[in-house]
Amino acid sequence: MTQQTATSDIQDLIVQAFNFRHATKVFDADRKIDDSEFETILQSARLSPSSFGMEPWHLLIVQNPAKRELFRDFAWGANGAFNGSAGQLGTASHFAILLAHTGATMTHHSDYLQKHMKDVKQLPDDVIGFINGAYQKFQQQDFHIEGDRQITDWSARQAYIPLANMMTTAALMGIDSCPIEGFEMDKTSAVLAEHFDIDPAIYQPAVMLAFGYRADAPAHPKTRRALDQMVTWA
Ligand SMILES: Cc1cc2nc3c(=O)[nH]c(=O)nc-3n(C[C@H](O)[C@H](O)[C@H](O)COP(=O)(O)O)c2cc1C
């Protein structure tokens, strides 16, 4: 954080960025995001927090136009069918699919987690032993996250943290985005397995995220509940 920037200026920038961001339906297909700006967007995902620091997500960035088309038939939230456009799939500068880790990797004591704690987090064995116990209790007793579906859903909840951070980071740089849940999960998973070598036993799609520059102004002004309808102070 720069010391010179007044807090009120930062507050203004943040609110402006949140007002600027809207779910962009069609991007200007001729405008590409600069590599260094996209790298900053990715860093905001990389530096996102996660429960126990386990980072239970992976980002697949689909840039090959033919490969994006593999999703068109069943990605109804990104194919532009509702407005007769090429949709986010056909116009985005960058098109990401956020993948959630399944139970195969995220169940307590898994080999994957041991390696993550040792190699990425560089924790000593005694700390890893402690975290293993705490994580097992968390999954089994505290949050009742057991079984593949529940663990995958928990991972997907974590994946929405980088999702949000990337959209805000993009907006701060004047880059548009659209989060996309409008797709058939099973068919997406099958395409990921067949054409992207993504093992469905290890990763399931959580959400898609398109980036680029808006082709048109937003169709509607932003509407939200008032703060006092959203917040309860106790
Ligand atoms: C998790 C999630 C999934 C969404 N899925 C889609 C989608 O499939 N297609 C789409 O055009 N917009 C999608 N949206 C955008 C929302 O409709 C949009 O954020 C909401 O209506 C508020 O509008 P605004 O983002 O423009 O302020 C999604 C938003 C979120 C957060």
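The legends below describe a predicted model of one protein chain. Residues are numbered from 1 along each chain as its sequence is written, and side-chain values use heavy atoms, without hydrogens and water. Local features need pLDDT of at least 70 and side-chain atom pairs pLDDT 80 or more, while totals for chains, interfaces and linings use all residues.

**View 1. Helices and strands of the protein chain.** The chain holds 10 helices and 4 strands, assigned as DSSP runs (helices H or I, at least four residues; strands E, at least two) and numbered from the N terminus. Their order along the sequence is α-α-β-α-α-β-α-α-α-α-β-α-β-α.

**View 2. Extent and interior of the protein chain.** Along the principal axes, the C-alpha atoms fill a box of roughly 55 × 50 × 35 Å. Of the 234 residues, 41% are buried, meaning under 20% relative accessible area with a 1.4 Å probe, protein chains only. Among contacts with a separation of 6 or more, 78% join residues 24 or more positions apart; a contact means heavy atoms within 4.5 Å.

View 3. F18 belongs to helix α1, which covers residues 7–20. Its relative accessible area is 45%, so F18 is partly exposed, a class lying between buried and exposed (over 50%). Apart from neighbours within four places in sequence, F18 contacts T168 and K222.

**View 4. F18 and L60.** These two residues are 42 residues apart along the chain. Their C-alpha atoms are separated by 25 Å.
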